[in-house]
Amino acid sequence: MSMTIEHLTEELMSLPSEARALLADRLVESLDPAEDGVIHRLWVAEAQRRQSELQSGAVRPIAAEEVMAQLRKKYA
């Protein structure tokens with residue numbers, strides 16, 4: 001029997017949160033360690049891009065408290 005990702009996801013989402021956390025941990029551990037370097041380089045590039053945007057003034061930082069207040073107001 002072939003199970004689609006969507007069906008599998010539905011089934012797994014019905015598990016208790018502790019079981020889902022354990023499953024997520026095991027899935028992450030199963031990823032190819034060779035990809036870790038690629039992922040790390042991508043995050044470094046993203047961090048550098050964001051830092052450059054802040055330094056150039058292309059974007060302005062927003063305090064976490066302000067962001068959370070805006071979200072609470074929007075979704076309250």
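How many helices and strands does the secondary structure of the protein come to? In this predicted model, the count is four helices and zero strands. Read from the N terminus, the elements simply go α-α-α-α. The radius of gyration is 19 Å, well over the 11 Å that the globule rule gives for 76 residues, so the protein is more spread out than a compact globule. Along the principal axes, the C-alpha atoms take up a box of roughly 55 × 40 × 20 Å.

What about the inside and the outside? Buried residues account for 0% of the 76 residues; to count as buried, a residue would need a relative accessible area under 20%. The protein exposes about 7100 Å², and 61% of that comes from carbon and sulfur atoms. As for charge, there are 9 positive and 13 negative side chains, with the centres of the two sets 11 Å apart.

Part of the surface is a nonpolar patch, made up of Ile62, Val67, Met68, Leu71 and Tyr75. Together these residues have about 460 Å² of accessible area. One of them, Met68, sits in helix α4, which covers residues 64-75. Met68 counts as partly exposed because its relative accessible area is 39%, between the 20% and 50% cut-offs.

With a relative accessible area of 40%, Asp32 is partly exposed. Asp32 and Glu6 are 26 residues apart along the chain, and their C-alpha atoms are separated by 23 Å.

Notes. Residues numbered from 1 in each chain as written. Predicted model: local features only at pLDDT ≥ 70, side-chain atom pairs only at ≥ 80, totals over all residues. Heavy atoms only, no water. Patch = residues over 30% accessible without salt bridge, like charges linked within 9 Å, V, L, I, M, F, W, Y side chains within 5 Å. Areas by Shrake-Rupley, 256 points an atom, 1.4 Å probe, with all protein chains shown as cover. Salt bridge = Lys/Arg side-chain N within 4 Å of Asp/Glu carboxyl O. Helix = DSSP H or I, 4+ residues; strand = E, 2+ residues; numbered from the N terminus. Buried < 20%, exposed > 50% of the residue type's maximum accessible area, 1.4 Å probe, protein only. Rg over C-alpha atoms; globule rule 2.2 N^0.38 Å. Lys, Arg positive; Asp, Glu negative; His and termini not counted. Charge placed at Lys NZ, Arg CZ, Asp CG, Glu CD.
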